[in-house]
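Please walk through this model with me, going from an annotated span to a strand pairing and then to a pair of packed helices.

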Amino acid sequence: STDTEGECRCCGRPITRFHEYDRELKIRHLPIPGQACYLYIRLPRFRCDHCPTRPTTTHPPGWRDRKSSYTKIYEQHLLKSLMGSTMSDVCRQEGITEGCLSRVLERYVQPEVDWHSLTELGQLGIDEIALKKGRKDFVTLITSRLAGENRILGVLKGREKETVKAFLQSIPKPLRRAVQSVCSDLYVGFLNAAREVFGKRMRIVADRFHVARLYRKGLDTLRKQEMRRLKKVWSQRPIRHCVA
């Protein structure tokens, strides 16, 4: 790192006296097509001359969370990959564990958004993500899609209707009126929250991923039933031997 100034962890004042470089860190960044990409960096430590004990502080870069081994832009990439997918699929594609992805989601849990930075929302997306197997611990992913670009608006703890409704109600009225449609899975709590906030005239569409999953589940159930029936039928028929 080439940073020449930090902030003292004790007094909070700017510090410029260089002390040393910290140990090397391995930070995962956006993938190069077909290959994982890592950054290797040694962060500078600065000494504070204002504090009596003259402590040293490592200066954290703005592009990485202090507790994360990923860059912020890569974490955004992971969150966007979850849209219309599952944790297991994203983990398999990126070569990471579900525990790592769960910690990324937990860091982004926030009920509020800086709406002043947005001028349009386009289509809103509401999707639930199960953090643990057994589907007992959830977060809700709120996204917007405009001109083919996806944006993460918020990650909410849990999947309760009132939590989602409160988030949607926090959208300023001018932005709320500009929402074109709401795309959600088939969870009734999300559907009711969207209808109560945007009204019955708002077009609500089902996420194709969840529709396809239900479609495949029905076909798979039918396939298993037919296989059991055929096995039973053929097991009851006498075996005929053909003699040449």
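The end C-alpha atoms of residues 7–51 lie 12 Å apart, and this span is 0% helix and 71% strand, where helices (H or I, at least four residues) and strands (E, at least two) are DSSP runs numbered from the N terminus. For residues 7–51, an unreviewed UniProt entry lists "domain: Transposase IS204/IS1001/IS1096/IS1165 zinc-finger"; such annotations may be inferred rather than shown by experiment. This is a predicted model, in which local features need pLDDT of at least 70 and side-chain atom pairs count only at pLDDT 80 or more, while totals for chains, interfaces and linings use all residues. Residues are numbered from 1 along each chain as its sequence is written, and side-chain values use heavy atoms, with hydrogens and water left out.

Strand β3 (residues 17–32) pairs with strand β4 (residues 35–47) in the antiparallel sense over eleven bridges, pairing being assigned if DSSP finds at least two bridges between two strands. His 29 stands opposite Cys 37 in β4. Two residues separate β3 and β4 in this hairpin, and Gly 34 in the turn has a positive phi of about 85°.

Helix α2 (residues 87–94) packs against helix α3 (residues 98–107) at an angle of about 110°, with their axes 9 Å apart; the axes are lines fitted to C-alpha atoms over the stretch in contact, and angles run from 0 to 180 degrees between N-to-C directions. The two helices α2 and α3 are therefore roughly perpendicular, a term that covers 65 to 115 degrees. Met 87, Ser 88, Val 90 and Cys 91 in α2 meet Glu 98, Leu 101, Ser 102 and Leu 105 in α3, contact meaning heavy atoms within 4.5 Å.

Conventions. Angles under 35 degrees count as roughly parallel, over 145 as roughly antiparallel, 65 to 115 as roughly perpendicular and the rest as oblique.
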